[in-house]
Amino acid sequence: MLREKCGVFAAVSSGEAFVPLYWGLVAQNHRGHESYGFLTHSDGLKRYVDLGLVPRIEREELIRWQMLLPGKRGIAHVRYGTSGKRDAYSHLRDAQPMVVSHGRSKMGIAFNGNLVNIGWLRGLLAGKNGKMHATSDTELLCSYLASKASVGIRDAIDACMKEVEGAYSVVGLRSNGELFAFRDPLGIRPLCIGKNREGDLTAVSSETVGLDINALNFMGEVEPGEAILFSSNGESMARERLASCPRRALCGFELSYFSRPDSIINGKPVYKTREELGRNLARRYQEYVRRADLIVSIPETAEDAAYGLHEETGIRWERMLRRHRFVTHRAFILDSEDRKVTIDRKINVADGGLGGKRVIVVEDSIVRGDTTKTTIAKLRERGAKEIYMFVTFPRITHPCFYGIDMATFKELIGFRHDEEGIAKEIGADAVCYQPLEYFNRATGMDGRDLCMACVTGQYPTELAQTIADRVKSNITTESCRVYERGLEA
Ligand code: SF4
């Protein structure tokens, strides 16, 4: 099965929508490198998807793209397929936006997140359609919405909020020209909305950077459980809270790792939160701060935290770890062989005087441990005497069901070992994690408004909790995959 960590964007404009869609994707390319795609509406739906990064489009090529994807409304998507087949055919087949037909109408969606009760959904749709060929969560969700939309897209989204468990931030487009966006009742994945000063361009984006690059003013988050509906001529927009939960559950990992540092989450730039995470580590782990000669950071998401740590301690921050700019693969979503090679290729260590030094290495998270292990080995080769890992995200001990590919207990080094064991396995002298309460404080959010299930084992949705508990009590093989769909029944 596919589990995605993606970026979405939608635009409703008085002119052609392609240009804002394009820039909205470029700004969010960090959320997906495997494929990208556009879907626009003008006399029916027009779709284009391809593999790889969003391409560079020169000014003179724009006309051709706009002719290919005409219309004043559109949606767009960048994708990471975090598991499943990795051949080009599969990537292209699963590229989004994905379009399904229902009767004489069509609907396309772009989706960020992951569904939990997918077995139920598959059964429901198979019952209705006789056969269900869908291979991805996105196709299932799109089929589900299309099957309910004959009474109106608002009611289809309403049903989705009540029946579908998981993380989903969705933008969609119908062949009648209606554009819609919605976010799951817990708001696990981010989604925000903005408008230009003239009022003739409105956009919905996973992150605020998608609005900034289009010079749009931030109007606010799409609230958890909220649907935004644009009329088929794009002239009116309605916002409605269809579901309300007693809590939110924004993915904490967005703050530590996934979101761009210049995005705004909960009214605060992400980089500010990361700086505070670094300062926290300085205050909490004084014994190592006192011993350390140098701070280095694993590029690039740990750099803001390293700055905070440096500011708090006055210890020199040497940016001697550098990333090869065009090796864009994210190591932790590759399989283990690929991962090792990729890590070797992507991080370079410049010998900036490591010989005999005691070094604090700042990292955003440790998932499987192999990225960190490889980096530590490189630092040791350059002569580092002692290495203390300072990790901005708390210790990950549980799998994620909501769109980050860490789906098994046993692949997680933080499940298999305590801090001491982790240090031994990765070759560090100490591993110092962000305490959970410090993490919550740095975000400025109430801890109950964050999902930290991969740290606490307390899942914000019911079925996810049941699956995790059941698998945890029955781990028998190294390859036991928590995401066995049979467990949903
Ligand atoms: S389990 Fe962890 S990675 Fe998954 S949504 Fe929650 S905080 Fe994010």
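Biologist: Which strands form the seven-strand open sheet, and in what order?

Modeller: Seven strands make up that open sheet, ordered β3-β2-β4-β1-β10-β9-β11 with antiparallel pairing. Here two strands pair if DSSP finds at least two bridges between them, and helices (H or I, at least four residues) and strands (E, at least two) are DSSP runs numbered from the N terminus.

Biologist: Thanks! Which strands stand at the edges?

Modeller: β3 (45-51) and β11 (217-221) do; each has a single partner strand, so one side of each is left without a neighbour in the sheet. Neighbouring strands of this sheet are turned by 15 degrees against each other on average, direction ignored. Axes are lines fitted to C-alpha atoms, for helices over the stretch in contact, and angles run from 0 to 180 degrees between N-to-C directions.

Biologist: Before I go on, what kind of model is this?

Modeller: This is a predicted model, where local features need pLDDT of at least 70, side-chain atom pairs count only at pLDDT 80 or more, and totals for chains, interfaces and linings use all residues. Residues are numbered from 1 along each chain as its sequence is written, and side-chain values use heavy atoms, with hydrogens and water left out.

Biologist: Good. How many bridges are there between β1 and β10?

Modeller: Five bridges, in the antiparallel sense, between β1 (residues 7-13) and β10 (residues 201-205). The bridge partner of A10 in β10 is V204.

Biologist: And which strands does helix α1 touch?

Modeller: Helix α1 (residues 18-26) packs on the sheet and touches β1, β2 (35-41), β4 (73-79) and β10, its direction making about 160 degrees with that of β2. Contact means heavy atoms within 4.5 Å.

Biologist: On to the six-strand sheet: what is its order?

Modeller: It is an open sheet too, in the order β5-β6-β7-β8-β12-β13, with antiparallel pairing. β5 (98-102) and β13 (237-241) are its edge strands, each pairing on one side only.

Biologist: What about the hairpin of β5 and β6?

Modeller: Five bridges join these antiparallel strands, with S101 opposite K106 in β6. The hairpin has two residues between the strands, and G103 takes a positive phi near 60 degrees.

Biologist: Which peptide bonds are cis?

Modeller: Among them are the one joining Q96 and P97, with omega about 5 degrees, and the one joining P299 and E300, with omega about 0 degrees. P97 lies in the loop between α3 (88-93) and β5, while E300 is in the loop between β17 (294-297) and α11 (303-313).

Biologist: Switching to the ligand, which residues come nearest?

Modeller: C251, C400, I404, C451 and C454, out of the 13 residues around the ligand. A residue is near if one of its heavy atoms lies within 4 Å.

Biologist: How does the shell divide into nonpolar, polar and charged?

Modeller: Eleven are nonpolar, one is polar and one is charged. The nonpolar class is Ala, Val, Leu, Ile, Met, Phe, Trp, Tyr, Cys and Pro, the charged class is Asp, Glu, Lys and Arg, and the others, Gly among them, are polar. Helices α8 (252-258) and α17 (453-456) each supply at least two residues of the shell.
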